[in-house]
Amino acid sequence: MKHSNLQMTRRQLGTMAGAGALTLSLGSVSALAATPADTLVVALAFDDMITLDPGETFELSTAEMIGNTYSQLVRYEVTDPSKLYGDLAKSWKVSEDGKTYSFELKPGLKFASGNPLSADDVAWSLQRAVIMDKGPAFILGQFGFTKDNVKDKIKQTGPLSLTIEVDKPYAPSFVLNCLTSTVGSILDKKLVLSKEVNGDLGAAWMKTNYAGSGPMKVREWRPNEVLVFERNDNYYADKAKPARVIYRHIKESATQRLMLEKGDVDIARNLTPQDLAAVTANKGILTTSSPKGTVYYISLNQKNPILAKPEVREAFKWLVDYSAIGDTIIKNIGVIQQNFLPLGILGASKVNPYKLDVKKAKALLAKAGYPNGFKVTIDMRTVQPVQGITEAFQQTAKLAGIDIEIIPGDGKQVLTKYRARTHDMYIGQWGVDYWDPNSNTDFVRNPDNSDTAKVKPLAWRNAWEAPALSMQADAAVLERDPLKRKAMYEKMQAEFRATSPFIMIYQQTEVAAYRTNVSGFRVGPTQDTNYVYRAVKR
């Protein structure tokens, strides 16, 4: 991998705490004998980052940034996602009709800038996300909020109090879990509006800047190079353990492993099963892991008439060697899961009916009118294990006469093309936005399949319309009986497995390796709960 040599000094990084100049060369894995004592250095592939704005971003790496640098009204316990606690909120209550949520904030809150944090900032931040109407806005929009009504539905009622009025009596856990998502992050209204240009609500400035109140603050971001956090001394709770955290964009697992072993980084985040096995034999390195609410899949764009044939969709599901992938490519970093809900979430199915069966796939292709196969392309982010899975899939599909051309790219390139739905096939991952099964109904919901649709979930990206499943999803989110709700999602997943243009492959088990002088770091169930600010370095 090529990097431009980037020298970072205390002068360039600003008034960072700690003595001595900090110099990192991103062009060499042997630049450091050891990382600074007050600085946590993380090797992570974060080429999917497009913007730092919580009102716009919908990428996994940026979610981790937000989880460490922004606050929300409520959060969930990392060790038990079913338990919610107040972050900025001191307390809350739900009206008898189930449609009005009243919040009281903790007193004395401040943003990293030093500006006081009030209920006006909270209401404005949520309103802003809806008004901007970017990718993550649908999480709030599903409660009936629009550009025209949101200021009446989400409003300040006192210096430290506000109300949120939803359109239906949803299960309270669903509403509150949505507020834990990254789009629920609270922005410094005074700071952001001071950067506003032509009524953009500070959107242009926020793409590369920070305006939060979390335990750390963003000091610098250079795409595909470096991301730097600095301790926020205005944070209301326990201060961040490290003075700063530096993410170095390192895509190759072998390079991450070498840097970790040499002490050039403290934590490595994208290790393959082979490199994980190697580092676990090193007495100076430990590992931590957690089942992730992230699923990996291959999708077929239904704009392609060949891929739109039901028999072709099913044939592809019999052309993946799930066992081989599970035993090698994702060993210890994932488990096979052929459903859109990750295990651990209410209603997640454990039924995995598909296996490699070339004979069955060929019969389906012949029935579809393609006995000799066809040619198709797949867009792929050049990171592991995605690349390994794609290449394995290319080989097994060839056994049925399907010639797959792999189109590689970085995360930003691949996602941009995918979101414009100009792909044939796509391989990638989807992480839950909040710990509720409704988060992953993005796989089945598509209220408007036109190219100009305002809401663009995963089903839309692949031009797939499933009105019956969408109606089931709408009904399930209103069901307050957990057992009945669980059964509804199990039924949806069975229909999805049989009919959808999605080949669900596996659920991630995120594993991180770290040096023994680091403690307190663990990966969470979602990307925004990978709390580096809690890590202690001795």
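Is F443 buried or exposed? F443 is buried, with a relative accessible area of 0%, where buried denotes under 20%, exposed over 50% and partly exposed in between (1.4 Å probe, protein chains only). The model is predicted; local features need pLDDT of at least 70, side-chain atom pairs count only at pLDDT 80 or more, and totals for chains, interfaces and linings use all residues. Residues are numbered from 1 along each chain as its sequence is written, and side-chain values use heavy atoms, with hydrogens and water left out.

The structure holds 30 aromatic pairs, a pair being two rings of Phe, Tyr or Trp (its six-membered ring) with centres within 6.5 Å; planes under 30 degrees apart are stacked, over 60 edge-to-face and the rest tilted. Y296 and Y506 are stacked, at 4.4 Å centre to centre and 15 degrees between the planes. This pair links strand β12 (residues 285–300) to strand β17 (residues 502–515), its members being 210 residues apart; strands are DSSP runs of E of at least two residues, and helices runs of H or I of at least four, numbered from the N terminus. Both Y296 and Y506 are buried.

Y297 and F443 form an edge-to-face pair, at 5.4 Å centre to centre and 85 degrees between the planes. Y297 lies in strand β12 and F443 in the loop between β16 (425–431) and α16, 146 residues apart. Y297 is buried, with a relative accessible area of 1%. One aromatic cluster includes Y297 and F443, along with F58, F138 and W464 among others.
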